[in-house]
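Hi,

Here is the structure I promised to pass on. Have a look at it first, and then read my notes below.

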Amino acid sequence: MKLAVFNAKRYDRLYLGDLEDWHLTFIEAHLNEQSAPLAAGFDGVCCFVNDIVDEPVLQQLSELGVKLVAMRCAGYNNVDIAAAERLGVAVCRVPEYSPYAVAEHAVALVLDLNRHIRRAYARVREQDYSLDGLLGFDLHGKTVGVVGGGKIGQAFARIMRGFGCRTLVYDPAVSETMAALAEPVSLEQLWAHSDIVSLHCPLLEATRHLVNANALQQMQPGVMLINTSRGGLIDTRAVIEALKSGRIGYLGLDVYEEEAGLFFDDLSEGILQDDVFARLLTFPNVVITGHQAFFTREALAEIARVTQQNLQDFVAGDYSADTFVVAP
Ligand code: NAI
């Protein structure tokens, strides 16, 4: 089977390059309408969160004879599932690679924001050992609201309980495991009682802009908001207003609504065109990382392992695994 790996970075070659028995071709371009013709002659394409796999792209892929879209990530909101079904293109993904990687990164954002690690680091390098502006708070005894109590939400709740935090969860389908780790509450209660809110639910129509002006109004003044899930969960403009008014005291993001044209590439030579993102960067109490929460050695190895299994299943015509979102 011949697979075109779009949007390929050095680390993709390193980990996916080991896949035995498959003819992989690594293509640096993102998959989109312009680059789709590069898939000519391949049986499948392998894509990531910021590739565009919408109807026009799927139409082109299908006409080129591509039968499989293998996502090397969990989310597939960038894939037009209805179009894939209609065209008979299989779609598979890696639903879970390391919930710990993402949960631990969320905690890293919490700790960095609270204890001003970036500012302290810069000061010490300048021989400035003053403490003004570095005041933090004890996590012990604080209330942490977890929105989405799945694999990552559970891993996050476990860590925060280790700090001595009280944990709340909002999840319309809260599991027993999560209910043992956090107190199930309504979304309104979670907003009202949390000192820290961390988002771990998927991006769906129902969750788009879950954090909007109305939700922010219900949160504790000075709340810490963490989003390592999907940018669209947050109405960024409303969040900027809440940062200006002080309603949000700390903001940690690993994802951004309009990240598609920004993250994963070195744009340091260019001029930032996104004024909303530029405004976010001006706040001293905001830390942003570029969708790196998943990025651990263990996660990349697991992505490669599951992708290999997906390819084997596809060739065998076995679409029974929950990694297949669309069976042809
Ligand atoms: P999961 O499927 O195990 O858990 C998601 C949970 O969200 C489920 O318990 C579900 O019932 C709940 N949920 C569904 N609708 C909800 C709603 N309206 N409000 C609250 N909860 C709701 O998923 P997992 O593995 O925990 O991943 C969570 C999210 O993390 C993914 O959807 C993905 O967007 C994001 N993610 C981010 C990564 C990164 O590198 N920044 C890497 C991997 C995932």
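This is a predicted model: local features need pLDDT of at least 70, side-chain atom pairs count only at pLDDT 80 or more; totals for chains, interfaces and linings use all residues.

Residues are numbered from 1 along each chain as its sequence is written, and side-chain values use heavy atoms, with hydrogens and water left out.

**The ligand**

There are 24 residues around the ligand, and Lys151, Ile152, Asp171, Thr228 and Asp254 come nearest. A polar contact here is a pair of N or O atoms within 3.5 Å; within protein, one must be able to donate a hydrogen and the other to accept it, and residues adjacent in sequence count only if both atoms are side-chain atoms. The side chain of Lys151 has an N or O atom 2.9 Å from a ligand oxygen. Thr228 places a polar backbone atom 2.8 Å from a ligand nitrogen, and a backbone N or O atom of Ser229 is 3.3 Å from a ligand oxygen. On its own the ligand exposes 860 Å², and the protein buries 83% of that (Shrake-Rupley areas with a 1.4 Å probe; for residues, only the protein chains shown count as cover).

**Domains and cores**

The chain splits into domain 1 (2-97 + 297-326) and domain 2 (99-288), with bounds from an automatic or database domain assignment. Their C-alpha centres lie 30 Å apart. Across the boundary, 11 residues of domain 1 are in contact with eight residues of domain 2, where contact means heavy atoms within 4.5 Å.

Next, the nonpolar cores: sets of buried Ala, Val, Leu, Ile, Met, Phe, Trp, Tyr and Cys residues joined through side-chain atoms within 4.5 Å. Buried is under 20% relative accessible area, exposed over 50%, and partly exposed in between (1.4 Å probe, protein chains only). The largest core has 71 residues, and Val45, Leu61, Val69 and Trp191 have the most contacts inside it. Helix 10 (residues 236-245) gives the largest share, five residues; helices (H or I, at least four residues) and strands (E, at least two) are DSSP runs numbered from the N terminus. Leaving out residues up to four places away in sequence, Leu61 touches Leu31, Ala36, Ala39, Val45, Val66 and Val69. A second, separate core of 24 residues includes Leu109, Met160, Ala182 and Val287.

In helix 10, Thr236, Ala238, Val239, Ile240, Ala242 and Leu243 are buried. Their cover includes helix 9 (213-218), strand 10 (223-227), strand 11 (248-253), helix 11 (275-281) and strand 12. After helix 10 comes Gly246, with a positive phi near 90 degrees.

**Two residues to look at**

Met71 sits in strand 4 (residues 68-71) and is buried at 1% relative accessible area. Beyond four places in sequence, its contacts include Cys47, Phe48, Val91 and Val94.

Thr289 is in the loop between strand 12 (286-288) and helix 12 (297-316). Is Thr289 buried or exposed? At 14% relative accessibility, Thr289 counts as buried. Its side chain makes a polar contact with the side chain of His105 (2.9 Å). Thr289 also touches Asp254, one of the residues that come nearest the ligand.

Cheers

Key. A residue is near a molecule or strand if one of its heavy atoms lies within 4 Å of it.
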